[in-house]
Amino acid sequence: MSTPHVVVVGAGFAGLVAARELQMAGIDVEIVEARERIGGRAWTQERMGRPLELGATWVHWMQPHVWSEITRYGQGIHPSPYTDRAYWVTGGEVRSGTEAELDAALARPMAKIFERSAEYFPNPHDPLHILSDAYRGPAELREQFLADDAAGVLECLRGGDFTQEEIDLCDGYWSAGYIGDPSQASSLMAKQWVALSDNRLPLLDEQTLRFKLVDGMRGIYENIAADLRCPLRLSTPVTAIEHLTSSAVVTLEGGERIPCDAVVVTVPLGALDTIEFTPALPPSMRSVVDQKWNSTGCKIWIKVKGHHSIIGYAPTPAKVAVFRSEYFMDDGTTICVGFGSHHDRVDLEDPASGQEIVNQWRPDLEVLDCTGHDWVADRWSGQAWATLKKGQFTNGWHHFRETDTRLHFAGADWASGWRGVVVDGAIETGLSTARKVIRELA
């Protein structure tokens, strides 16, 4: 009997982990990657005089899958700095205080946003349990779960006793967190994130914005790649995939066809239209591809003159919603990071655009440089991290978890746990999808 052959499309975290798992099971694997590099939406690159993360950045010991890789490859972590001064925009005015005062102002409205999170997600890695046959709780809770998926993350704050300042702070927080328009964002994703963080906002902040890898994300993805013995072909886009119940054929740009026993596609939702599937994806998947996620925003690095320990929040329609100091450089400058909800409102490489952003909070600061990568405009991603529109939590990502052919999907977009913002979900699905293929081919 010949050794089964599997093609993995994409060399981000999901693809690399899937290939490693398949290789360990004795399966013949090859990876094809459209970009000229590995890592996917995790990309550590030298810019502004130091390594910067153009995509995924933060890690934590409560992210089970990424922490396993940190342990496996002996990687170290270090914290992002706590800031000395916080600035937030509300009602067209800038207010300031300490970071602790900013956190305190967020506590009450965020508690409302997180309402019922523990009831909805007693096991946050089984996010649709409440809709399953195994659920034995009250029907009213299930109905509220569906209603909350149809509601935007800020809707629960409007028409109540919350101040405009509280609403504006949450607007800024979730414009950055969802990397998109919070009015279009399913409130269930915020509730799941806090459930993954022991239902505590401080732990959620710590998991998503506090600890970074000493050697950057490349300290993990390069180590995974080094453990692979299989072919890894860069600058090799896939144009078509034929998938049957017992085999598949992957067609590369240029016309080369690769017959295989199964294919694992780790392409993000925003770039799935670059591949022609035969037979076509079922309507449940196709509708999600057409809708896309709520992921329309950007991440920008801005260098300012002097050392400044600051954090800033600004509500829609701010170009950047959350801004904070990250690195204090030996040349007397500070490198800050910012997140905004609309990539087409920001020129990531134009210091004048960076100055306009900084002016929201501190017009006295001088911007020297800025940089980033536009993931939404990138043909091979079409989005930043995966965040869900209203209705997509219960009718979206999970359609890609099961297929009836030898076509399989992996990637953070389809994760049960950390679907967005961190790489844990990509590793989760790389592992779980590979194990499914191994069982299928056994």
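I looked up Val265 and found it in strand E14 (residues 262–265); strands (E, at least two residues) and helices (H or I, at least four) are DSSP runs numbered from the N terminus. The model is predicted: local features need pLDDT of at least 70, side-chain atom pairs count only at pLDDT 80 or more, and totals for chains, interfaces and linings use all residues. Residues are numbered from 1 along each chain as its sequence is written, and side-chain values use heavy atoms, without hydrogens and water.

I noted Val265 as buried because its relative accessibility is 0% (buried is under 20% relative accessible area, 1.4 Å probe, protein chains only). Leaving out residues up to four places away in sequence, I listed its contacts as Val9, Ile241, Leu272, Phe277, Leu407, His408, Phe409 and Ala410 (contact means heavy atoms within 4.5 Å).

I then turned to helix H11 (residues 351–358), where Ser353, Gly354, Gln355, Ile357 and Val358 are buried. These buried residues pack against strands E16 (298–305), E18 (322–328) and E20 (367–372). At the start of H11, I found a side-chain oxygen of Asp350 within 3.0 Å of the backbone nitrogen of Ala352.

Next I checked the UniProt record, an unreviewed entry, which lists "domain: Amine oxidase" for residues 13–438; such annotations may be inferred rather than shown by experiment. I recorded 29% helix and 22% strand for this span, with its end C-alpha atoms 19 Å apart.

Last, I examined H1 (residues 13–24) and H12 (residues 424–441), whose axes lie 7 Å apart at an angle of about 35° (axes are lines fitted to C-alpha atoms over the stretch in contact, and angles run from 0 to 180 degrees between N-to-C directions). Phe13 and Val17 are among the H1 residues making the contact, and Ile427 and Leu431 among those of H12.

Definitions and conventions:
Buried means under 20% relative accessible area, exposed over 50%, partly exposed in between (1.4 Å probe, protein chains only). A polar contact is a pair of N or O atoms within 3.5 Å; within protein, one must be able to donate a hydrogen and the other to accept it, and residues adjacent in sequence count only if both atoms are side-chain atoms.
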